[in-house]
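Trainee: Could you walk me through one part of this model up close? I would like the annotated site and its surroundings.

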Amino acid sequence: MIQPLTCPVCGKTPDPTTGTQTSPFCSERCRKVDFFRWWDGRYAIVEDLAPGGALSELDLLDAQESLQPDDQ
Ligand SMILES: [Zn+2]
């Protein structure tokens, strides 16, 4: 008996016809979300990515860096 996999990010059951390349995540988006959470070392606030907007979160992270006060 095969246990149905669920996406670790959103808990959905990946579509077996489209989820194989992103397993165990349901989509490329969730795979990136998990990656950014790991990379950033904390639970990031995740906005919906624009279609094809894989750089959106990178831009967001870059913006956060820019907001850090730099006057010591
Ligand atoms: Zn998911």
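Mentor: Here is the site, then a neighbouring residue, then the helix. Keep in mind that this is a predicted model.

Start with the record. An unreviewed UniProt entry places the feature "binding site" at Cys7, Cys10, Cys26 and Cys30. These four span 24 residues in sequence, yet no two of their C-alpha atoms are more than 8.1 Å apart, so they gather at one spot.

Take Cys7. It sits in the segment before H1. Cys7 has 21 other C-beta atoms within 10 Å; the cut-off is 20 or more, so Cys7 is buried. Leaving out residues up to four places away in sequence, Cys7 touches Lys12, Pro14, Pro24, Phe25, Cys26 and Cys30.

Cys30 lies in helix H1. Cys30 is buried too, with 21 other C-beta atoms within 10 Å. Beyond its neighbours within four places in sequence, Cys30 contacts Cys7, Val9, Cys10 and Phe25.

Now Phe25. Phe25 belongs to the segment before helix H1 (28-40). With 23 C-beta neighbours inside 10 Å, Phe25 counts as buried. Apart from neighbours within four places in sequence, its contacts include Cys7, Pro8, Cys30 and Asp34. Phe25 and Pro8 are 17 residues apart along the chain, but their C-alpha atoms are separated by 6.5 Å.

Last, the helix. In H1, Arg29, Cys30, Lys32 and Val33 are buried. They cover an arc of only 160° around the axis, which puts them on the same side of H1. The face turned away from that buried side carries exposed Trp38 and Trp39. The length of H1 checks out: at 1.5 Å a residue, its 13 residues should span 18 Å, and its end C-alpha atoms are 18 Å apart.

How values were computed: Residues are numbered from 1 along each chain as its sequence is written. This is a predicted model: local features need pLDDT of at least 70, side-chain atom pairs count only at pLDDT 80 or more; totals for chains, interfaces and linings use all residues. Helices (H or I, at least four residues) and strands (E, at least two) are DSSP runs, numbered from the N terminus. A residue is buried if 20 or more other C-beta atoms lie within 10 Å of its own, exposed if 12 or fewer, and partly exposed in between; C-beta atoms are placed from the backbone. Two residues are in contact if their C-beta atoms, placed from the backbone, lie within 7 Å. The expected span of a helix is 1.5 Å times one less than its number of residues. The arc is that of the directions from the helix axis to the C-beta atoms. UniProt positions are given in the numbering used here, feature names are shortened, and annotations may be inferred rather than shown by experiment.
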